[in-house]
Amino acid sequence: MNYENYDPFFPDQPVVDLYLPIWAKLPGFKSKPAFIWADEDGPSLTYEELNSSAQCISSELLLSLRKNDTVLVLCSPGLEFVEMIFGCQRAGLLAVPISPPHPSFSNQNWHHLLRVVSQTRPKVAIAQRDYIKHVEKYVARSSNKKLSEALQKVRWISTEDLKGRKMKMQLENVNFGGGFSYNGCNADDVYLIQYTSGATAIPKPVLVTAGSAAHNVRAARKAYDFHPNTVVVSWLPQYHDCGLMFLLLTIVSGATCVLTSPNAFVNRPRIWLELISDFKATCTPVPSFALPLVLKRGHAGATETGTVNHRISMLSLKNLIIINEPIYNDCVEEFVEVFRPFGLNPSAISPSYGLAENGTFVSTSWRSNCDKFSTYKKLLPSARLDEDVDIEIVVVNEETNEIVEDGTEGEIWISSPSNAVGYLGHPSLTQEVFNARLKNKAGNCYVRTGDRGVVEGEQRFLYVTGRCSDVIKLPNGQEIHPHYLETSAYHSCPNFLRGGCVVAFEMSESEYRYVVVVAEVQSKGETESDMVLKQICEGIRKGVMKEEGVGIGLAVLVKIGSVPKTTSGKIQRWLAKYKFVKSQMNIIMQMKFDNNGNVQSTMQKVMQIGKREYKKGKKVLVGEEEEGIFFAPTNRTLKSSL
């Protein structure tokens, strides 16, 4: 075992939960906040409280469950969710945390829940008592037999019962002295089913062992130089990937983590800056789309003269961890220049790479003495290849399974103790993705990430260029990643289009292939004249041609909320294409172009809302709403919130 911890007399533990009893017994840590929930009351969980809570919740759960049973965790974001996750690990149970859909299960928000219940078959679902009451009412009167029957098969336990009077009585008798014996998850036990984000396909259940998760956060702790004085601020979804990893990373490091919800950030992006300032955060992870969002909606009033109630200071930040590839250099540079007067050090920028199939964290390009990164096709590097001997990253030719030379793009493969076991219920896909081998080379199995990348420079930086499944093949035989087209399209009309809400994909008619660009317009754009809307469509075509030399065949303007995204803000291009083909988008206007860029046809003012229709032109498309995962919708547009 490696002992990279800061205290050589404190050996690393095989599972994350085993750190809790150690911290809880140390005089300097037992009363230290492990987690703080950022609201008006500012409730917190000390290391001693969290350890005691995990033990008591574990005891309560094991009264009716057996070790390795599956538990669905449907708690809202907050400290209670943290307690349930560690309580399940202490009990040796297999946790399946997901964001609880609204209990009315309207607007087709129940599909993922049904998928999870059907695939994981949990013995128990944990939720707040009020949520359970709403579920019971829904089941009693619902005509949705599939969902009702699935929910009826699950036994529901309220968080209030797990943390009620009996728990308070138990807390008085909990003893974590020398006689404490740990009966929770072993390193080889699958302790978590973590669903993929759904960026490239329907979310898949990833099986994560307690040992691989511990290795993953220890690797992240070393990479980011975490220690007990680290203070994290995070609004990321706590249910999977980076949001969940930082809960575990906090405990492994003996640090403090300040939490708030994704909705709190989207509704008021400035809260992120305020929490960094108030708690003197040293680290904060954010998706790349958050930076321009903060510049547009969260920066107003953050002046150097301090003329607002909350003065912003970013002097304490050591790691501004940027996730969600690809990471554009221009976007990061603009953010740094705006917030440099508020103390943001350029060396804090920490582009990083990760995925659910590897626990979460893979690598980062951050180094404490690095003020500026080299770039590749406008992108920042997300990782470096020559750092950890037990984490191997290679770039492979997708067709031959051979490692490509530096400077050549290929699929990213990873071999690491952090690798997950596989996908639940998908044996053939598990074999393909988690047991890949290099051609004519014996040795390690690799995880095929489905991401494209290229290694450049003496420092062997890895640039994540896009996703294999999203690559657009042009008529001339060349290939391009759609994010380049999406960025150019947005820059053609930034005052009318919504940033991060533009999607490009490939379509075919007979043997003719063409590129479609679908863009959400801001609220004001929906009421613009047909002439203005036509100019926006033509502007998109011209902008993409000028910046990337690619002719698009169809420009489509849609209402806010039409472009589907994951809970972490990634565009679901596969689902956007499906919805477009099935006439399930709220289209305002679409314009078709021939190979020479001339307008072939225009369809005006078509708004598809469920099965209703609205038109101002000659053609009408009627569609039905279908499943889509959107990132915390808000009634405020970026432009109107300036």
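Helix H16 of this predicted model is mostly covered, with eight of its 11 residues buried, where buried means under 20% relative accessible area, exposed over 50% and partly exposed in between, for a 1.4 Å probe and protein chains only. The buried positions of H16 are Pro482, His483, Tyr484, Leu485, Glu486, Ser488, Ala489 and Tyr490. Helices (H or I, at least four residues) and strands (E, at least two) are DSSP runs, numbered from the N terminus. Residues are numbered from 1 along each chain as its sequence is written. Because the model is predicted, local features need pLDDT of at least 70 and side-chain atom pairs count only at pLDDT 80 or more, while totals for chains, interfaces and linings use all residues; side-chain values use heavy atoms, with hydrogens and water left out.

Helix H16 (residues 482-492) packs against helix H17 (residues 530-548) at an angle of about 125°, and the two axes are 8 Å apart. That angle makes H16 oblique to H17. Angles under 35 degrees count as roughly parallel, over 145 as roughly antiparallel, 65 to 115 as roughly perpendicular and the rest as oblique. The axes are lines fitted to C-alpha atoms, for helices over the stretch in contact, and angles run from 0 to 180 degrees between N-to-C directions. On the H16 side, the contact is made by Tyr484, Leu485, Ser488, Ala489 and Ser492; on the H17 side, by Gly539, Ile540, Gly543, Val544, Glu547 and Glu548. Contact here means heavy atoms within 4.5 Å. The crossing of H16 and H17 is right-handed, a crossing being left-handed if the near helix is turned anticlockwise from the far one by less than a right angle, and right-handed if clockwise.

Ile552 is buried, with a relative accessible area of 3%. Not counting residues up to four places away in sequence, Ile552 touches Val515, Val517, Ile540, Arg541, Val544 and Phe593. Among these, Ile540 and Val544 also belong to the H17 side of the contact with H16. The C-alpha atoms of Ile552 and Phe505, 47 residues apart along the chain, are separated by 9.9 Å.

The account now turns to the strands. Strand E13 (residues 349-354) is mostly covered, five of its six residues being buried. Strand E12 (residues 319-323) pairs with E13 in the parallel sense over three bridges; two strands pair if DSSP finds at least two bridges between them. Within this pairing, Ser350 of E13 is the bridge partner of Ile321.

Ser363 lies in strand E14 (residues 361-364). At 8% relative accessibility, Ser363 counts as buried. Its contacts, leaving out residues up to four places away in sequence, are Ser352, Tyr353, Ser382, Ala383, Arg384 and Ile393. The C-alpha atoms of Ser363 and Ala220 are separated by 7.6 Å, although these residues are 143 residues apart along the chain.

The loop between E14 and E15 holds Lys377 and Lys378. Most residues other than glycine have a negative phi. Lys377, however, has a positive phi of about 50°, and phi of Lys378 is near 75°, also a positive value. Lys377 is exposed, with a relative accessible area of 53%, whereas Lys378 is partly exposed, at 39%.

Strand E2 (residues 44-46) contains Thr46. Thr46 is buried, with a relative accessible area of 11%. Its contacts, leaving aside neighbours within four places in sequence, are Lys30, Ser31, Lys32, Pro33 and Ala34.

Taken as a whole, the protein chain has 18 helices and 29 strands. Of its 642 residues, 58% count as buried. Among contacts with a separation of 6 or more, 71% are accounted for by residues 24 or more positions apart. The accessible surface comes to about 27,500 Å², of which 48% belongs to carbon and sulfur atoms; accessible areas come from the Shrake-Rupley method with a 1.4 Å probe, and for residues only the protein chains shown count as cover.
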